[in-house]
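Reader: Hey, I'm new to this one. Can you walk me through its charged pairs?

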Amino acid sequence: MSNERNVREILERKLFSGSMPPEFIDFCLAHGRFRHYGPKQYLYFSEDEGNTVYFLISGRVSLYLMGEFSEKIIRVLSHPTFFPEIVLDGKPYPHAALCMEETEVLALDRQLLIRYLESNPSVLWIFYRELALDLRRSYRQIRNLSLGDARLRLGAKLFSLAHVHGKPSLNGVLITIPLSATELAGMCSLARESVSRILGELKLLKIIKIEKKKITVLELQNLRHWIHERAANSRTSID
């Protein structure tokens, strides 16, 4: 488990791009509770009472939309980050949160956070900027899912994953989240068979390399060019 000094450094330097005042960090450390979770453990489920907010200190968390017969990943969170932002409205959690690996969070009572924000309104602007970024991300995801064809959807998702969760490797950029075709299909609202076929095409074009569940984008510029070609073809077909 991380010690308080390391957590303070993470929150001060990296949370909200390092823009939170020291007094807010002091408040979180004084009133928050450290919790450790193993892989495949849930922090909460959809429709649970939204009484806790979390600061992700280490590990990764998947946010799921859960139906009666299916689950879809809507976002993968990397540390450090604050979630779920939407719970500040006092309503139940709109999704489930599942740990993908060993994960540590700082859990804070929602009411305590709201009272702090009411007493320190200047901090609200920092939260607002973060919410605006998340809203833009959501709009981009909706656009990709609603306007793009299957290849455009999957290509845009791979590019996003490589940008947010990628690390340089000998062959290119390794997406550090192990993902199956089924999980990618859920992220893109596509059939698993379609995802498998498109991944095969990208492999033949030497745009990606797959070893088990590990995907490497061999050259990001080639993937970007392939996406732009798909987007141009999509616009032509619409026009």
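Predicted model: local features only at pLDDT ≥ 70, side-chain atom pairs only at ≥ 80, totals over all residues.

Reader: How many salt bridges does a search of the whole structure find?

Author: The search turns up seven salt bridges.

Reader: Okay, which residue does Arg-8 pair with?

Author: Arg-8 pairs with Glu-12, and their closest N and O atoms are 3.8 Å apart. Both sit in helix α1 (residues 4-13), and because they are four residues apart, about one helical turn separates them.

Reader: What about Arg-13, which partner does that have?

Author: Glu-9, with the closest N and O atoms 3.2 Å apart. Arg-13 and Glu-9 are both in helix α1, four residues apart, or about one turn. Arg-13 is exposed at 62% relative accessible area, while Glu-9 is partly exposed at 36%.

Reader: Switching topic: where do Glu-201 and Arg-151 lie?

Author: Those two form a salt bridge, with 2.7 Å between the closest N and O atoms. Glu-201 lies in helix α7 (residues 192-204) and Arg-151 in helix α5 (residues 150-165), so this pair ties together parts 50 residues apart in sequence. Glu-201 is partly exposed, with a relative accessible area of 25%, and Arg-151 is partly exposed at 28%.

Reader: Last one: which residues do salt bridges with shared partners join into one network?

Author: That network is made of Arg-8, Glu-12 and Asp-26.

Terms used. Residues numbered from 1 in each chain as written. Heavy atoms only, no water. Salt bridge = Lys/Arg side-chain N within 4 Å of Asp/Glu carboxyl O. Helix = DSSP H or I, 4+ residues; strand = E, 2+ residues; numbered from the N terminus. Buried < 20%, exposed > 50% of the residue type's maximum accessible area, 1.4 Å probe, protein only.
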